[in-house]
Amino acid sequence: EPNLPKVSWHAAKFQKSGPLTFDITFENASKDLMIVTPRVRINNILDQTVSTIEFPTQYLLPESKRSLKFEGKIPAWNDKVVLGRYTSTLEVIDAKNQTHLLQETKTYVLPILPIAISSLIIFFILGVYLRVRRNSRTN
């Protein structure tokens with residue numbers, strides 16, 4: 001079994017829009033140097049990869065912790081209305097160039113402002129329609 005670091009990471013469960021933020025902490029509890037290259041793959045609800053975020057290679061000293069923070073625009077999300085469930089998968093490539101899946105998390109993106117505006121417009125049109133219909137029946 002490969003010698004991999006312990007990982008804890010956080011990504012928001014609910015978001016209104018981008019940018020997406022990840023906090024990743026690697027812990028090397030062994031007495032050996034670990035060399036890993038982390039990346040986060042983001043898939044949409046149809047399991048299509050919409051973006052891959054590559055991090056620089058990390059040199060984890062023995063019995064140490066290393067924290068990474070990503071906060072930025074996801075290339076697939078630029079200038080688009082993003083809606084739905086996205087699965088973020090943290091992978092590391094070890095010193096032998098083998099990829100290992102470490103953890104997954106799901107993020108739900110719900111753009112509240114466009115949905116609220118659309119709902120108000122629909123309710124306004126529906127209210128006007130029902131009022132006109134009721135008034136035409138009484139005449």
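Author: Val128 sits in helix 1 (residues 112-138); helices are DSSP runs of H or I with at least four residues, strands are runs of E with at least two, and both are numbered from the N terminus. This is a predicted model, in which local features need pLDDT of at least 70, side-chain atom pairs count only at pLDDT 80 or more, and totals for chains, interfaces and linings use all residues. Residues are numbered from 1 along each chain as its sequence is written, and side-chain values use heavy atoms, with hydrogens and water left out.

Reader: Why is Val128 called partly exposed?

Author: Buried means under 20% relative accessible area, exposed over 50%, and partly exposed in between (1.4 Å probe, protein chains only). Val128 has 40%, so the term is partly exposed.

Reader: What makes the pair of Trp9 and Phe22 stacked?

Author: Rings of Phe, Tyr and Trp (its six-membered ring) pair if their centres lie within 6.5 Å; planes under 30 degrees apart count as stacked, over 60 as edge-to-face and the rest as tilted. For Trp9 and Phe22 the centres are 5.3 Å apart and the planes at 15 degrees, so the pair is stacked. Trp9 lies in strand 1 (residues 6-11) and Phe22 in strand 3 (residues 20-28), so the pair ties together parts 13 residues apart in sequence.

Reader: Why do Trp9 and Phe22 count as buried?

Author: Trp9 has a relative accessible area of 15% and is therefore buried; Phe22, at 0%, is buried too.

Reader: Why is the pair of Phe55 and Phe70 edge-to-face?

Author: Their ring centres are 6.2 Å apart and their planes at 80 degrees, so the pair is edge-to-face. Both residues are buried.
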